[in-house]
Amino acid sequence: MTGALTIRPAQPADAQGIAQVLHSVGWFDSFERGSPQTHAANLAPLLVPSERQLQLVACDAQGRVLGYCATHWLPTAILQGWDAYVSELFMHADARGMGVGSQLLQQAVDAAHEKGCSRIWLVNNRDRDSYLRSFYAQQGWQEQSQAARFVLTL
């Protein structure tokens, strides 16, 4: 897979391509079940542009979605300003190692600078390949070993 890479804001029409990326990752039971059409229909309303988030897609020269990144702007009272939070960064299995993730992540960082954010953060599971191969550390990100992640499933 070679050629020009375009990174642009995601649109509802990208839902099928993003669903294919998430299916190719192989980590999400919800994308192993159901039809690609159902997944795309569920994703499309989430891809409407908003002032509180930036969703990006990386596309090859044929327009195929190779990667997806979602970043959110969060008010932070203790900093008296804004944080940026990368909630999702996924590459199609065929696009790993091509620099797609690095470029998407850099676009998120650039957007956070433009928004005046004082920091940008994300959560990465320690058993994921990106963690094991130090992807984020190689991009200049620092792990906060003193932090704990708590989740309450609703």
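Buried means under 20% relative accessible area, exposed over 50%, and partly exposed in between, with a 1.4 Å probe and protein chains only. The model is predicted: local features need pLDDT of at least 70, side-chain atom pairs count only at pLDDT 80 or more, and totals for chains, interfaces and linings use all residues. Residues are numbered from 1 along each chain as its sequence is written, and side-chain values use heavy atoms, with hydrogens and water left out.

**Exercise 1.** Classify cysteine 59 by accessibility and find how many disulfides there are.

*Solution.*
1. Cysteine 59 has 3% relative accessibility, so it is buried.
2. A disulfide is a pair of cysteine sulfur atoms within 2.5 Å.
3. The closest cysteine sulfur to that of cysteine 59 belongs to cysteine 69 and is 13 Å away, too far for a bond.
4. For cysteine 69, the nearest cysteine sulfur is that of cysteine 117, at 13 Å, and cysteine 69 is in no disulfide.
5. The count is 0 disulfides.

**Exercise 2.** Compare the span of helix α4 with the expected one, then list its buried residues and what covers them.

*Solution.*
1. Helices (H or I, at least four residues) and strands (E, at least two) are DSSP runs, numbered from the N terminus.
2. The expected span is 1.5 Å times one less than the number of residues.
3. α4 (residues 100-114) has 15 residues and reaches 21 Å from first to last C-alpha, close to the expected 21 Å.
4. Buried in α4 are Val100, Gly101, Leu104, Leu105, Ala108, Val109, Ala111 and Ala112.
5. Contact means heavy atoms within 4.5 Å; the cover of these residues includes β1, β2, β3, β4, β5 and α6.
6. After α4 comes glycine 116, with a positive phi near 80°.
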